[in-house]
Amino acid sequence: MSEKILEMKNIIKDFPGVRALDKVNFTLEKGEILALVGENGAGKSTLMKVLSGVWPYPSYEGDIYLRDQLVRFANTREAEEAGIGIIHQELNLLPDLSVAENIYLDRQPLGKFGGIKWRELYQQAEKVLARLNMDINPRMQLGDLTVGKQQMVEIAKALSLNTKILVFDEPTSALTESEIKELFIVINELRASGVSIIYISHKMEEIEEIADSVVVLRDGATIGDKIKISEVTLDEIIARMVGRDINDLFPKQEFKRGAKTLEVKNITVPDPFNPDKNLVDDVSFTAYKGEILGISGLMGAGRTELVNAIFGVYGKKRTGEIFLNGNQLAINSPADAIESGIALVTEDRKELGLLLDKNLIMNMTLPSLKKFSSSFTIDKNAEKETSENYVKQLNIKTPSLDVFVEKLSGGNQQKVVIGKWLITNSDVLILDEPTRGIDVGAKVEVYRLMNQLVEEGVTVIMISSELPEIMGMSDRIIVMSEGEKTAELTRQEADQETIMKYATGNKGVE
Ligand SMILES: Nc1ncnc2c1ncn2[C@@H]1O[C@H](COP(=O)(O)OP(=O)(O)OP(=O)(O)O)[C@@H](O)[C@H]1O
Ligand SMILES: [Mg+2]
């Protein structure tokens, strides 16, 4: 017999120019793992922020019932006390404090004279961490842990608060495969102990694996009722999300391969912390006009370091040679790379290189200002027109071109970054995990844009951890492991098994 633990009724939340939630109804059972899905900007994070007191009553309309009791939180602390915890899209911890201090922030056990009882604090922390089977020393400084472990600390914090409903907002976007496995084990254990879970993710395979049921949001409203995962196909969920059928998730177009464009030889980047190792170890490859070159490998294989090296991030510490259209380049900084016609869309969501308190136009046109300026003036109209064009092409959800980008949903911020580099018109566009955190519909839009760019003569290089994506969109695939290139495969040769074989260290090239 299921037991309703949460009911949200007719929730409305307005922001200037946007109705983010439009009479949303939502229920959750005890011990349920519910997937909350929807396109970027659909209102997922906002709904959870209403639930967890980030948006306090009465900044929203509607009612929230916990076990049939009406609750109206004035802040996040009240929600915590009522048993609601949230792991936000961006982690919320203090890297300079210890693990234990982070778990018990503002709740440390205090002595008679107000001093912290450290031994007790560490013991308590040890206990909650043990409940997660986590081998983490509570005395360690939080910032020294991997992102996956930091997330476990957030979960430990929620457990220590006796959380009954735990929300995960895109928890795996920065985790390695093994960390994701660990997380799923913990989530299943939490469920077994009676915690209810709301799980937000754009990764459909994850949802299929972990969730019992799914609720779809589109434009601030739920589409259909909650459905059991076992009674629905992924295609049906996707169709609900985007409001149309997407029959081709990877609309790959093949073009005729043209001339050599980017050629790199013996790229090496030393590991600053380990003289016996290189972050990137003697990697060479050639990319051509008319193709998408995929770079595959496990997290930590040196893929990001390789493209950063080409982009000049390591300055003179990088060795090896870079040629573009037959000419050798002296790239010692990202500015050099941009100047030479190489653009890089970085993977880091937090340091996307967005000016959060500047508007969309400014963010989109910043690296291409030269294009819009003549001697002393900037052509504001051209800037606006170009931005508008890309907002349309990328289907960026925004009330206007004038909003600060911090007001956009996570995925839409990602699209702004992609747009900004598209405007630069570079010869080579390197995309590092370009579709991380963006919804399925938008992914297909990004793929179409990649096709279009290739057709226009741009060489596209894409790093991706998602094998279906790399196999679906690349003409050739380089596989990396531990800083080295272990294989170079054609589209025909590349199946999941072969890529994994080389990604785990087998060598196919010398
Ligand atoms: N603080 C804010 N100020 C103004 N508008 C906001 C704010 N937060 C969200 N919005 C708007 O509310 C809508 C819903 O955003 P929300 O962040 O809930 O989307 P989401 O479904 O979580 O998307 P994503 O998958 O990209 O994270 C968007 O149109 C967004 O621009
Ligand atoms: Mg969100």
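**View 1. Helix α14 sits inside the predicted model.** Helix α14 (residues 410-423) has 14 residues and runs 21 Å from first C-alpha to last, close to the 20 Å expected at 1.5 Å a residue. That expected span is 1.5 Å times one less than the number of residues. Helices here are DSSP runs of H or I with at least four residues, strands are runs of E with at least two, and both are numbered from the N terminus. Buried means under 20% relative accessible area, exposed means over 50%, and partly exposed is in between (1.4 Å probe, protein chains only). By that cut-off 14 of the 14 residues of α14 are buried, so the rest of the structure largely encloses this helix. Just after α14, asparagine 425 takes a positive phi of about 55 degrees.

A word on the numbers: this is a predicted model, with local features needing pLDDT of at least 70 and side-chain atom pairs pLDDT 80 or more, while totals for chains, interfaces and linings use all residues. Residues count from 1 along each chain as its sequence is written, chains are lettered from A and ligands numbered from 1 in the order written, and side-chain values use heavy atoms, leaving out hydrogens and water.

**View 2. Here is the largest nonpolar core.** A nonpolar core is a set of buried Ala, Val, Leu, Ile, Met, Phe, Trp, Tyr and Cys residues joined through side-chain atoms within 4.5 Å. This one has 65 residues, and those with the most contacts inside it are Leu262, Phe285, Leu306, Ile342, Leu429 and Ile461. Helix α15 (residues 440-455) gives the most to this core, seven residues. At least three residues come from each of domain 2 (256-341 + 428-438 + 459-510) and domain 3 (351-425); the domain bounds come from an automatic or database assignment.

View 3. The rule is a side-chain nitrogen of Lys or Arg within 4 Å of a carboxyl oxygen of Asp or Glu, and it gives a count of 23 salt bridges. In this one, glutamate 182 pairs with lysine 149, with the closest N and O atoms 3.8 Å apart. Glutamate 182 is partly exposed at 31%, and lysine 149 is partly exposed at 23%.

**View 4. Lysine 260 pairs with glutamate 263.** The closest N and O atoms of this salt bridge are 3.6 Å apart. Lysine 260 is partly exposed at 43% relative accessibility, while glutamate 263 is buried at 16%. Elsewhere, salt bridges that share partners join Glu291, Arg476, Lys485 and Glu488 into one network.

View 5. Aspartate 219 is exposed, at 51% relative accessibility. Glutamate 433 is buried, with a relative accessible area of 5%.

**View 6. A cis peptide bond joins tyrosine 57 and proline 58.** Omega is about 5 degrees at this bond. Look for proline 58 in the loop between α1 (44-51) and β4 (61-66).
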